[in-house]
Amino acid sequence: MIAGLGLLSTGALVGCAPDAAGSSAPGASGAKTVNVVTYNGNPPYCYLDGDGNLVGYDVDVLKAVDEKLDDYAFTIDSMDFNAMVTACESGSADLVSCQLVPTEERKEKFIFCEEPLCLTPIVFAVRDPSIKTMEDMAGKTTASNPINYAYGLIEDYNEKYPDKAINLQAVSELTMADAFKMVASGQIDGYPTLQSSFETINEQTGAGLYASDVVMCVPTYFMFNESQTELRDAVDKALKDMKSDGSLANIEKQDLGVDVFEEYKDLPSGI
């Protein structure tokens, strides 16, 4: 069963061995080895290509950061999504990258960069194809689990634009599949979901819904074992440098088709 907002939500902690097919070799000799884990089933961010190689936006950013850090050498392995959190907490992994958000629960156990890795776009799954924007949802009804970031973003939007407010219903443990069915049946008018997940859930449920334009974004971050403060600071600086020199934007355009920080800079976002 797929939870709302997928990898941006929480998950059970289940162990799993690293996937050897998705591993990359260490870098410069004498550098401190950094054990990085990511997932292999979340395209276009981290997944296996036809030859079994670990590829995607997160992977390319990690490799670019590694090149900038002479004192560190990254080894990148793929794990079951839930196992990554366990590995990072135990210290067998130093860094996790899989479009993660720093939930309050995670911040009690892990540390994060200040600089976002990405902005993950959110659309409304709708029954009415004329609904394209947040303004088009004004006065209409949506639902979300309060633990999901889309819920907070819609709350903030409603506070900022009370004359264009969306009727937001809190529904605990609402899966994306159930939400799509609620839209299809007319119980709600739209449901906020990851743009990258829309087609899959729409096909799985047979809901026959439409995707709005991108209406919100969720910033995602690298996550570290709590002892890795120096590594976190080094990676954070590398990300900021890459954003300044344009190299991060180049990876975004290559892997995501768009410079997300520029394209979505005026949309509601935040954590």
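Mentor: Happy to! Let's start with Gln 99, which counts as buried because its relative accessibility is 2%, and the cut-off for buried is under 20%. This residue sits in strand β7, which covers residues 95-100. What makes Gln 99 worth a look is its backbone: its phi is positive, about 55 degrees, although it is not a glycine.

Now turn to Glu 173, another residue that is not a glycine and has a positive phi of about 55 degrees. With a relative accessible area of 74%, Glu 173 is exposed, whereas Gln 99 is buried.

The bond from Pro 43 to Pro 44 is cis, and its omega is near 5 degrees. As a rule, most peptide bonds are trans. To place it, look for Pro 44 in the loop between β3 (41-42) and β4 (46-48).

Finally, keep in mind that this is a predicted model. The chain has a mean pLDDT of 88, with 89% of its residues at 70 or more. Over residues 9-28, though, the pLDDT is below 50, and this stretch has 50 contacts in the model beyond near neighbours in sequence. For residues 1-7 the pLDDT also stays under 50, and the model has 28 contacts for them beyond four places in sequence.

Key. Residues numbered from 1 in each chain as written. Predicted model: local features only at pLDDT ≥ 70, side-chain atom pairs only at ≥ 80, totals over all residues. Heavy atoms only, no water. pLDDT = per-residue confidence, 0-100. Contact = heavy atoms within 4.5 Å. Helix = DSSP H or I, 4+ residues; strand = E, 2+ residues; numbered from the N terminus. Buried < 20%, exposed > 50% of the residue type's maximum accessible area, 1.4 Å probe, protein only.
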